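This report concerns how parts of one protein chain meet. Please view the sequence and the model together while reading.

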Amino acid sequence: MQRPPPVCILVLVILTFVALERSWSKSLIVWKSKSKSGRSSSAHHLVGGEDIEQFADPLVLLPVLHAGGRGNDDDEPFRVSVRQFEQQILPGNYPASTVWGYGDPSRPDTFFHPSFSVENIQHERTDVKWINELVKDPDACRESRNHEDRDACAPLKHVVQDVYGVSIVDRTLHWANPAADDCADGTSRTNCRGRGAEEYDGPIPMVVHVHGSIEDPVSDGYPEAWYLPNYKLDNDPYTRRGTTYGSLDGSTGEDGYALYSFTNSYESSTRALWFHDHSLGITRLNMYAAAGGFWFIRRSDGTESGLERGRLPGPPPRKGDSLRDLNTEGNPVREGIREIPLVITPKSFYKDGRLFYPANRAYFEGLGDGTAFGDNGDLQTCDGEGSFPPAWNPEVFFDVMVVNGKSWPYLGVRRERYRFRILNGADSRVFNLAFMYYCQGVDLDREPDGQLPMYVVGTEQGLRPNGPGRITMDQDGAALLLSPGERGDIIVDFNELPNAHACPSAEVVMINTGPDEPFGGDLDLAWRDRPMGRVMKFVVSDHDGLDSSSEIENLEFDSNPGGTKLVPDCGSDCVERHFALTEETISLSATGSSKECYEAPLAAKLGWYGPNSDFSGGAIPLLWSDEIVTRPEVGVAEEWHIWNESADAHPIHVHRANVQLISRHAFAEGKPGTVIGPGNPISESEIGWKDMVVSYPGQVTKIRVKFLLPGLAVWHCHVLSHEDNEMMLPFLIK
Ligand SMILES: [Cu+2]
């Protein structure tokens, strides 16, 4: 087993980021929000995150929604629909929240935010009918003949609304736009920028993407392949399907759903994919409302690809484990679970329990509380030049940590090993996680008594090559970094705590030193002072002899558990591509006075340096609507060099492919094409097969990728607010 000391490496990485941040901040606008999370307490409409009691409710263990092989027992496809419902996310002294979530329409008690998990078997097909049931009463609507019940089948408007109940869809972005004749360019179609900024109160487009899957385009959830629910409306002014539904997705002849087929034919098991909405220009709002859920790939016999010796902690919740059994403290089903999916989705709330999402741009500029749709007060562009989207925010952070649908939960654990599959389901927030313990119960007024190491056992797409990697938080705060969309696969051994005599009331806090603002590499170490510096708590009790997993040092993985090796060999035919990450800014004034103009972010973009990678010509940003410039071939290995000329870190996700991170090198400001310095080490948690990587500012990030199936796909930044505003491009696999 390989266990290099990680501390010095991580220190180096952090120092590099800090240095870069400094050298870049002179000329580039760092996307720092002027509104810090936590200030919302001053707004009388909003719950203040700092006022909420932490660790008040137990963690919800998420049951299995569907378990593969092939569809349901009668060989019908699994049905997964999205609905609106109430859920108690905050502690019981606050109202419940109206949210969206996925579930099985024949079992109404399966709807949850985030979704229960879907379990798949490697090489066995899973067919899914994804249903959009965002109508007033889905059950009554479904039962009415031909969806004829006008009341039950009335379409819902977006659940993410301002304080007055106005839905906060920003129509000025290039978005799904189902409204007829609303394109700003005068064309008659969907998927375009809208004419105006008024409220969109129509039915909601949804299309599910299984993140990390490699399937045909019809089952990938292309952003323009959305569909509206099967609703009833007189003089219906909406187009019910996006432009590529039917050409890409399983055209059904009926409204309200799409049929996907997943082969799950991966070289290896142990994959933590996840499903979520991907509709063009509205993903951030749909995902904030509906979250998503894990989509695991396992072997039918319970073994794991690449695991040569030893046994990982388990089991996870299994098919047949009921929500009640999994979530009744003391129930043997709950007590026996040793592999626990954790879905982290930060949120903010109005005092009546409704979800808060900033409803105007002024909020990002530190002006006002963000509660009125498109109301930007005196904020305007300088000298009347240009315009900005009135509701969209460059990034959003929120002030309540929500894990598996509960704010800051706690979990009772034994002094044993647990495996955690962790998903960062946030819009913009980067997590940097570690486990700190107190021997006499958590006391945030003092330093913890110590920390428990994390043992990284896998990435998104497989076990980690050559065995677990040990991570502890060093003095600079570097630990388990998860950017939006990334997943971590770790073991924590609670038996490494000091013994019960020395540590009688042990409690462990999962802490977060990811900052409450846009991430460029810097961490915020003051986790005890910030509500969002904590994620959840573990209350430790004694060993009960149930731990059948191996000691960490007895776990052995082979050198390439994820299958075919791409690193270090790219092959002689390897295709090299160079991409640019850039940002566009706009001159704003909070008062209208030109004396107070400042540069603020308008959009982050993907781009390239032209067909010949001519760096001297500078980066060429590309738009979603531009002609496709990336046309890789099936089976040919590629190396993508992503030159980040912006001031922000961007988590880059490539659809319908797995990737491996090769290297990160700094380059001189304004001089992409030439690297400086020896390169920055890759962290313990980034080794192996992934489906996304973080691209840091001022660095070129190299990834290796091979496409296995032809057809249309997309790549994008997984900061949802970036993705929704042009930081996404299609590519075509030939
Ligand atoms: Cu981004």
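## Separation and extent of the domains

In this predicted model, the centres of domain 1 and domain 3, taken over C-alpha atoms, lie 25 Å apart. The domain assignment places domain 1 at 7–21 + 347–552 and domain 3 at 575–733. Domain 2, also part of that assignment, covers 64–303.

## Contact and buried area

Where domain 1 and domain 3 meet, 51 residues of domain 1 contact 43 residues of domain 3. The area buried between these two domains is about 3600 Å², and carbon and sulfur atoms account for 57% of it.

## Polar and charged pairs

Between domain 1 and domain 3 there are 17 residue pairs in polar contact, counting pairs with both residues at pLDDT 80 or more. Four salt bridges are also counted between the two domains. Elsewhere in the list of pairs, Glu460 and Lys690 form a salt bridge whose closest N and O atoms are 3.0 Å apart.

## The domain 1 side

Several elements each supply at least two residues to the side of domain 1 that touches domain 3: helix 1 (7–25), strand 16 (380–381), strand 23 (454–459), strand 25 (469–471) and strand 26 (480–482). Helix 1 gives the most, with six residues.

By residue class, this side of domain 1 is made up of 24 nonpolar, 15 polar and twelve charged residues.

Terms used. Residues are numbered from 1 along each chain as its sequence is written. This is a predicted model: local features need pLDDT of at least 70, side-chain atom pairs count only at pLDDT 80 or more; totals for chains, interfaces and linings use all residues. Side-chain values use heavy atoms; hydrogens and water are left out. Domain bounds come from an automatic or database domain assignment. Contact means heavy atoms within 4.5 Å. Buried area is the accessible area (1.4 Å probe) that two parts lose on being put together, summed over both. A salt bridge is a side-chain nitrogen of Lys or Arg within 4 Å of a carboxyl oxygen of Asp or Glu. A polar contact is a pair of N or O atoms within 3.5 Å; within protein, one must be able to donate a hydrogen and the other to accept it, and residues adjacent in sequence count only if both atoms are side-chain atoms. Helices (H or I, at least four residues) and strands (E, at least two) are DSSP runs, numbered from the N terminus. Ala, Val, Leu, Ile, Met, Phe, Trp, Tyr, Cys and Pro count as nonpolar, Asp, Glu, Lys and Arg as charged, and the others, Gly among them, as polar.
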